[in-house]
Every structure is written in structure tokens, then in C-alpha cells.
Amino acid sequence: MDPDFAPRQALRLDPSLAALHGPGGFFVLRTFADPAHAPGRPLPTLARTYAAGPPDVHRDDPLAARVRRVGAALRTPEPRVAASVAQQGLAARLWSVALGCAALYGAVPDLDPGLLRWDPDGGAPDDLWLAEVRPLPGGASTLAEAVLDGHLAPLNAAVRARHHLAAGLLWGNAASALAGAARELDRWARRHGRTDTAARSRALAAGLLRHPLLATAGTLTGTAFRRRSCCLYYRVPSGGVCGDCCFTRPPRDPG
């Protein structure tokens with residue numbers, strides 16, 4: 001049997017995904033099972049976000065709204081920088097939720113983009129709500145199908161169409177977000193004596209980083225990751241290079 005998969009009869013997810021509140025932050029996924037935490041207004045699904053056409057400031061456009069929100073928070077005049085940071089932030093949320101569930105429950109909820117709602121005008125980390133909790137096996141192939149195929153491929157396509165960012169940069173962001181989620185979950189699990197959770201998260205992340213879409217994005221050593229691309233954060237005012245950046249210092253603009 002593939003050790004990454006929990007037996008189907010053992011799949012258990014509580015309706016509020018309460019275990020994700022342990023690691024907190026990027027790992028929490030709100031569900032409609034708890035009316036107290038339901039969104040206070042209608043919010044777009046991620047499926048609608050990925051399907052958005054060319055940006056138009058005169059209509060309701062979740063992806064354009066998110067890029068504007070991030071750009072304003074970072075005080076950057078460059079939409080492509082805001083788009084890169086926004087894409088990486090959403091990737092980090094999706095990986096954290098999926099990896100956290102797989103490591104803590106041995107199962108993941110169905111993360112179909114039509115079931116996930118988000119608030120593009122919210123702060124960081126991105127606010128996500130799941131309409132219905134449907135348990136699926138918590139193995140690497142399920143996570144790859146849910147996050148890489150179901151979310152990041154269409155998200156990257158939408159971002160590239162609008163902001164002309166390189167595919168390697170966006171998949172580098174995705175790999176960096178996965179490695180970061182695994183590192184944070186490993187730290188939390190070790191602090192709380194959850195060695196099984198720590199080991200499972202490391203194994204899942206290592207397997208996912210061998211996926212063809214991520215395999216050339218960087219190198220994983222233990223829980224440390226060094227990417228082969230740059231997310232452009234150094235172009236943010238008062239920004240710098242991230243801990244896993246391919247650069248050791250911010251590049252100088254030519255001329």
C-alpha cells in the first residue's frame with residue numbers, strides 16, 4: 001500500500017476542520033459549518049477568479065481587485081510585482097490548508113475551486129471559506145491534483161495572461177510556498193511533540209516538490225529550500241531578497 005494514503009474507511013474530517021487551528025495563521029480554513037465565521041457578504045469563488053477575462057476596473061474582477069489590494073499594501077507602483085506577491089500568497093494558503101489537513105488528519109477536503117470562496121479585498125493571509133467538507137485521501141497525488149492542477153495551473157495562467165510574468169517565476173513561487181508551509185508545519189509539530197505530523201509533512205512536501213511542475217523550481221535540503229527564480233519582492237520599496245531567493249542581494253537595475 002502507498003504509505004501516503006490513509007485507508008478510505010479511516011478518512012475523517014470534522015465539519016469545522018478544527019485541527020487546523022493548532023498551527024493557525026495560513027493553515028486555518030473556515031467552513032460554512034460554523035455560522036459565526038461565515039462571510040458577512042457574498043464572496044466570489046476561486047473558480048470565478050481563475051476564469052476572469054482581461055482586467056477591467058469598471059467591473060467586479062476578483063483577481064484584479066486582489067492585485068490592487070496587494071499593490072497598495074506594499075506601496076509598489078509595479079502591477080507585476082503585486083501580481084507575483086498576490087499569487088504566492090494565495091499559493092501559500094492553498095498549500096498550507098492541503099498539507100495541514102493531510103498531515104494532521106490523513107485526509108484532505110475536496111478543494112474544488114467552485115467550493116472555495118475568498119475575499120480579494122481582505123488582508124494577509126488570504127481569507128478562504130469552504131462551502132462543504134468532503135473528505136478525500138491525504139496522499140501526495142491527491143494534493144497535487146487538488147492544488148497544482150485544480151488551483152495553481154489556472155491561477156498561473158490568469159496571472160500570466162494579465163501581467164506577462166514568466167512561468168518559471170510563478171512555479172517558483174508555488175514551490176517556495178509549499179516549502180514554506182511544510183517548514184512552518186514541521187516547526188509547529190516538533191514544538192508540540194507531534195513527530196508523526198512533522199515526518200508526514202516533510203515526506204509529502206518532498207514528494208510534491210518532485211512533481212514535474214515543481215521539480216526544476218529549486219532544491220530542497222531537509223526543510224530548507226533554495227529556489228532558482230525570484231518573486232520580485234526586492235522591487236518593493238524597502239524590500240529585499242527572501243530567504244530562499246536565487247539572489248544573495250537585490251539585483252541592481254540596468255542603467
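Leaving aside neighbours within four places in sequence, Val 236 is in contact with Leu 74 and Val 81, contact meaning heavy atoms within 4.5 Å. Val 236 lies in the segment after β7 (224-227); strands (E, at least two residues) and helices (H or I, at least four) are DSSP runs, numbered from the N terminus. With a relative accessible area of 5%, Val 236 is buried, where buried denotes under 20% relative accessible area, exposed over 50% and partly exposed in between (1.4 Å probe, protein chains only). Val 236 and Glu 78 are 158 residues apart in sequence, and their C-alpha atoms are 8.6 Å apart in space. The model is predicted, with local features requiring pLDDT of at least 70 and side-chain atom pairs counted only at pLDDT 80 or more, whereas totals for chains, interfaces and linings use all residues. Residues are numbered from 1 along each chain as its sequence is written, and side-chain values use heavy atoms, with hydrogens and water left out.

Not counting residues up to four places away in sequence, Leu 29 touches residues including Leu 17, Val 97, Leu 111 and Trp 129.

Helix α3 also packs against α5, at an angle of about 40 degrees and with the axes 8 Å apart. Axes are lines fitted to C-alpha atoms, for helices over the stretch in contact, and angles run from 0 to 180 degrees between N-to-C directions. The two helices α3 and α5 are therefore oblique to each other; angles under 35 degrees count as roughly parallel, over 145 as roughly antiparallel, 65 to 115 as roughly perpendicular and the rest as oblique. Among the residues making the contact are Trp 95 and Leu 99 of α3 and Leu 178 and Leu 185 of α5. The contact of α3 with α5 comprises 15 nonpolar, seven polar and no charged residues.

Helix α5 (residues 167-191) packs in turn with helix α6 (residues 195-208), at about 170 degrees and with an axis separation of 8 Å. Helices α5 and α6 are therefore roughly antiparallel to each other.

Definitions and conventions: Nonpolar A, V, L, I, M, F, W, Y, C, P; charged D, E, K, R; others polar.
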